[in-house]
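Dear colleague,

I am handing over the structure we spoke about, with the sequence alongside. Please have it open while you read, as my notes follow below.

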Amino acid sequence: MERPWDSNNKYTHLVLKEYKYWSLELSNRQRTLGAFYIFSRRDHERFSEMTKEEMEELLVVMHEMESALARAFHPDRFNYLQLGNELHRLHFHGYPRYATARICGGRTWIDETFTSWPSSSRDRTPPEVLLDVQKQIKV
């Protein structure tokens with residue numbers, strides 16, 4: 001499927017599931033364990049421009065991802081951000097949040113900003129770590 005938000009197809013390996021109106025993808029920056037994106041397949045920028053059908057499916061996408069992450073990592077809550085400052089296409093950043101450390105892929109994950117905004121680190125997560133995280137998430 002066409003992915004205008006990733007014109008060079010650098011992140012196709014991070015797609016977790018395609019929907020009619022949305023693409024669910026693992027974030028290449030794992031600021032929290034299991035961080036993800038939900039990209040609109042239609043070219044628009046504003047939340048207020050969503051159709052009823054897109055909104056209904058968005059709720060399904062969120063529910064399925066929250067359920068998959070609950071099975072894999074047992075987050076304590078979920079945060080969603082919809083900003084559009086760099087990528088001018090409607091998309092959401094999803095952050096599972098953790099009050100205590102989690103283990104995945106031989107690595108200890110600590111959500112150091114649990115009671116605040118997710119980390120703003122621009123560091124990309126190494127591919128082998130992304131693969132370990134992705135293997136655990138069954139959407």
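Is Glu49 buried, exposed or partly exposed? With a relative accessible area of 32%, Glu49 is partly exposed, where buried means under 20% relative accessible area, exposed over 50% and partly exposed in between, taken with a 1.4 Å probe on protein chains only.

Before the rest, a word on the basis: this is a predicted model, in which local features need pLDDT of at least 70 and side-chain atom pairs count only at pLDDT 80 or more, while totals for chains, interfaces and linings use all residues. Residues are numbered from 1 along each chain as its sequence is written, and side-chain values use heavy atoms, with hydrogens and water left out.

The sheet and its helix

Five strands make up an open sheet with antiparallel pairing, in the order E1-E2-E3-E5-E4; helices (H or I, at least four residues) and strands (E, at least two) are DSSP runs numbered from the N terminus, and two strands pair if DSSP finds at least two bridges between them. Strands E1 (15-18) and E4 (77-81) are at the edges with a single partner strand each, so one side of each has no neighbour in the sheet. On average, and with direction ignored, neighbouring strands of this sheet are turned by 20° against each other, the axes being lines fitted to C-alpha atoms, for helices over the stretch in contact, and angles running from 0 to 180 degrees between N-to-C directions. Between the antiparallel strands E2 (residues 22-26) and E3 (residues 36-40) there are five bridges, and Leu24 has Ile38 as its bridge partner in E3. Helix H1 (residues 52-73) lies across E1, E2, E3, E4 and strand E5 (91-97), and runs at about 25° to E2.

Helix H2

In helix H2 (residues 127-136), the buried residues are Val129, Leu130, Val133 and Gln134. Viewed down the axis of H2, they fall within an arc of 135°, and therefore line one face of the helix; the arc is that of the directions from the helix axis to the C-beta atoms. These buried residues pack against E1, E2, H1, strand E6 (102-104) and strand E7 (107-109), contact meaning heavy atoms within 4.5 Å.

Salt bridges

The structure has eight salt bridges, each being a side-chain nitrogen of Lys or Arg within 4 Å of a carboxyl oxygen of Asp or Glu. In one of them Lys17 pairs with Glu64, the closest N and O atoms being 2.9 Å apart; because Lys17 lies in strand E1 and Glu64 in helix H1, the pair ties together parts that are 47 residues apart in sequence. Another joins Arg89 to Asp43, with 3.6 Å between the closest N and O atoms, and so links the loop between E4 and E5 with the loop between E3 and H1, 46 residues apart. Arg89 counts as buried at 8% relative accessibility, whereas Asp43 is exposed at 59%. Glu49, raised above, meets Arg46 in a salt bridge (3.3 Å, N to O), and Arg46 counts as exposed at 54% relative accessibility.

His91

His91 is found in strand E5 and is buried, with a relative accessible area of 6%. The side chain of His91 reaches the backbone oxygen of Arg89 at 2.7 Å.

Key. Polar contact = N/O pair within 3.5 Å; in protein donor to acceptor, adjacent residues only side chain to side chain.
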